[in-house]
Amino acid sequence: SELVARLGAAEPLSTRERNSLHRIIGGLLELVKNPRDGRGDDAAVIRELVENYSDKEGISKRKLEEVFPLAKRLLSAD
């Protein structure tokens, strides 16, 4: 996706792209605050985020499946 392609780029993100990432981060923070069994892998986390926040722009199964691997690569590269 365009957002995933631009995450590694030096160009600033658009407001829409930045808001999408902030919504994903916000959803993840909510999950962290409420620990629960069954979140042992990315698929489970994605499933729960989509169940709870699919009405929010930028939170979809497809988008999360694109963003999570890139986020992990960027995190481990530093």
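Q: How many helices and strands does the protein chain have?

A: This is a predicted model, in which local features need pLDDT of at least 70 and side-chain atom pairs count only at pLDDT 80 or more, while totals for chains, interfaces and linings use all residues. Residues are numbered from 1 along each chain as its sequence is written, and side-chain values use heavy atoms, with hydrogens and water left out. Helices (DSSP runs of H or I, at least four residues) and strands (E, at least two) are numbered from the N terminus; the protein chain has 4 helices and 0 strands.

Q: Which residues of α3 are buried, and what do they pack against?

A: An α-helix has 3.6 residues a turn, so residues three or four places apart point the same way. Here Ala44, Val45, Ile46, Glu48 and Leu49 are the buried residues of α3 (buried means under 20% relative accessible area, with a 1.4 Å probe and protein chains only), and they pack against α2 (15-33) and α4 (61-77).

Q: What span should helix α3 have?

A: The expected span is 1.5 Å times one less than the number of residues. For the 12 residues of helix α3 (residues 42-53) that gives 16 Å, and the end C-alpha atoms are 16 Å apart, which agrees.

Q: Which residues of the protein chain are nonpolar, polar or charged in the lining of the largest pocket?

A: Rolling a probe the size of a water molecule over the atoms shows where empty space is left. The lining of the largest pocket divides into 10 nonpolar, no polar and 2 charged residues (Ala, Val, Leu, Ile, Met, Phe, Trp, Tyr, Cys and Pro count as nonpolar, Asp, Glu, Lys and Arg as charged, and the others, Gly among them, as polar), and α4 gives the most to this lining, with 6 residues.

Definitions and conventions. Buried < 20%, exposed > 50% of the residue type's maximum accessible area, 1.4 Å probe, protein only. Contact = heavy atoms within 4.5 Å.
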